[in-house]
Amino acid sequence: MQKKQATGLDTRMLVPVYAAVFGILAQLFLPWISIPVLKYSRFPAKYNIFHLKDCLENIQLCGAASTRLPLEPLSGGEIDFLTKLGQIVTVCSCGMAVLLLLAAVTVLWKRGKSLLPVRILFSFQLLWTLVLFGLVFWFNLFLNEKIGRGISFQTMTIRSYVQLTPWVYAQMLFALGVLPFAKRLLWTDRDETPPCFEERRIQEDHRLGRRTRVSLVLILLGIPLVILFGICFLNDRSAVFIGLCIICLSMLPFAMVFEDRHPQARELLIIAVMSAIAVVGRAAFFMVPQFKPTAAIVIIAGIALGPEAGFLTGTVSGFVSNFFFGQGPWTPWQMFSFGIVGFLAGLIFARRKARGRYHHFAVCIYGGLSVFFIYGFLMDVSGLISVYSHITWALVAAHLISGFYFNLIHAAATVIFLFLLDDPMERKLNRIQKKYGLMEV
């Protein structure tokens, strides 16, 4: 038993248990129906399974008393049908909670022999979340037909009257995470002895590795799709949930550093320290708009520790620092922008082991250009998407011009902080990396 605890194998087995417990809490206690038009009324905007009848009544009352939802009173037959449908959903949701409890008990009782029941029960959870999505989609069609509103992608997603909360999508993600890895999570009988000595070797290869290719796919495809999903299906009001999803995606290529060995605490601590420095640096200069050292710290982390570590440092820094500056629709875009700046810095400079004569000036120039053209442009685009529903070329030009001076100040601040901090911090990080063999594969 001590051997399994030392290798952390029983901890892996508890992942399906934690996922089942979260599913039970989300099904019974957390809200998973959101009605944005009720947010500014006297009625609550979010409901759980035991208040679906109240949700239906409040929609009808809001439609009669407000122009935000110009809904004609529902007929008696429509009310009876929707009430019975809500009761059926409530009973099924309680049954789903019982099945998830059964999955958790089965894992704790049968351990590795519970593979088939776990896959079946989590398949039911995935199917149930898809059914909920279909029911919400149908109810939006019903409301649009009742109001006489046109049916389009925008009216069914971004500006739909009824939406699912992030808790339902989180259950879907947990089910999708457990199903393909159930065998690996539940197989705890294999013998894994941690190595007594760790062999250090530096791979001198200037080609793009598998980690870098995976990172490029996530950056160019995965994370933009997650941000687009938050805008369309979560009404751009779930910045924390989308931010956590982006952090999880950015951790995947970074975790591939340890695919052939166990990670050590000191290897993860250095990423946490760089992220903390970036967060504290941004908070320390809160009184000066746009004059922040965060991008400079992220760039240094990418150069010294590699592109994957730079991207992870940028996403974590943007997410955590906004707990001081305020979370909002801009948070996922800031995380994505900081991450790209750090990833490209690592991709351009990290593979050049020898520090050339003009290395320091090249880093400063890259910092200014990347912050101005990449970070600034992406944040300007996020402002356009979040604020305006109808975008024209004149509006785009006016928005970019209005943000020119802010981006210029941010770029100049990045150049100044890189000029002051790049050389000493890179030397310290390289010394620590060589001394302890951190993230060298």
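**Side-chain contacts in the predicted model**

The count of disulfides comes to 0 in this structure, which is a predicted model. A disulfide is a covalent bond between the sulfur atoms of two cysteines. For a pair to be counted, the two sulfur atoms must lie within 2.5 Å. Cys-55 is buried, with a relative accessible area of 7%. Cys-364 is likewise buried, and its relative accessible area is 7%.

Charged side chains meet in 2 salt bridges. One of these joins Glu-78 to Lys-146, with an N to O distance of 3.1 Å. The pair links distant parts of the chain, since Glu-78 belongs to helix H5 (residues 76-110) and Lys-146 to helix H6 (residues 115-147), 68 residues apart. Glu-78 has a relative accessible area of 22% and is therefore partly exposed. Lys-146 is also partly exposed, at 22%. A salt bridge is also formed between Arg-427 and Asp-423, whose closest N and O atoms are 3.1 Å apart. Arg-427 and Asp-423 both lie in helix H18 (residues 404-436); because they are 4 residues apart there, about one helical turn separates them. Asp-423 counts as partly exposed, with a relative accessibility of 26%.

In one of them, Phe-22 and Phe-174, the ring centres are 5.0 Å apart and the planes meet at 50°, so the pair is classed as tilted. Phe-22 is part of helix H3 (residues 15-28) and Phe-174 is part of helix H8 (residues 166-178), so this contact ties together parts that are 152 residues apart in sequence. Phe-22 is buried, at 18% relative accessible area, whereas Phe-174 is partly exposed, at 38%.

Trp-138 and Phe-139 make up another tilted aromatic pair, with 6.4 Å from centre to centre and 40° between the planes. Trp-138 is partly exposed, having a relative accessible area of 34%, while Phe-139 is buried, with a relative accessibility of 13%. Both residues belong to a cluster in which ring pairs link Phe-81, Trp-138, Phe-139 and Phe-142.

Charged groups were also found over aromatic rings. Lys-110 is placed over the face of Trp-109, at a distance of 5.6 Å from the ring centre. In a contact of Arg-282 with Phe-325, the charged end of Arg-282 sits over the ring, 4.4 Å from its centre.

Phe-325 is also one of the residues in a nonpolar surface patch of about 860 Å². Val-240, Leu-244, Phe-286, Met-287, Val-288, Val-320, Phe-323 and Phe-324 make up the patch together with Phe-325. Helix H11 (239-255) and helix H14 (307-325) are the elements that give two or more residues to the patch. Helix H14 contributes the most, with 4 residues. Val-240, one of the patch residues, lies in helix H11. The relative accessible area of Val-240 is 35%, which makes this residue partly exposed.

Notes. Residues are numbered from 1 along each chain as its sequence is written. This is a predicted model: local features need pLDDT of at least 70, side-chain atom pairs count only at pLDDT 80 or more; totals for chains, interfaces and linings use all residues. Side-chain values use heavy atoms; hydrogens and water are left out. Rings of Phe, Tyr and Trp (its six-membered ring) pair if their centres lie within 6.5 Å; planes under 30 degrees apart count as stacked, over 60 as edge-to-face and the rest as tilted. Buried means under 20% relative accessible area, exposed over 50%, partly exposed in between (1.4 Å probe, protein chains only). A charge sits over a ring if NZ of Lys or CZ of Arg is within 6 Å of the ring centre and within 35 degrees of the ring normal. Patches are made of residues with over 30% relative accessible area and no salt bridge: like charges are joined within 9 Å, nonpolar side chains (Val, Leu, Ile, Met, Phe, Trp, Tyr) within 5 Å. Accessible areas come from the Shrake-Rupley method with a 1.4 Å probe; for residues, only the protein chains shown count as cover. A salt bridge is a side-chain nitrogen of Lys or Arg within 4 Å of a carboxyl oxygen of Asp or Glu.
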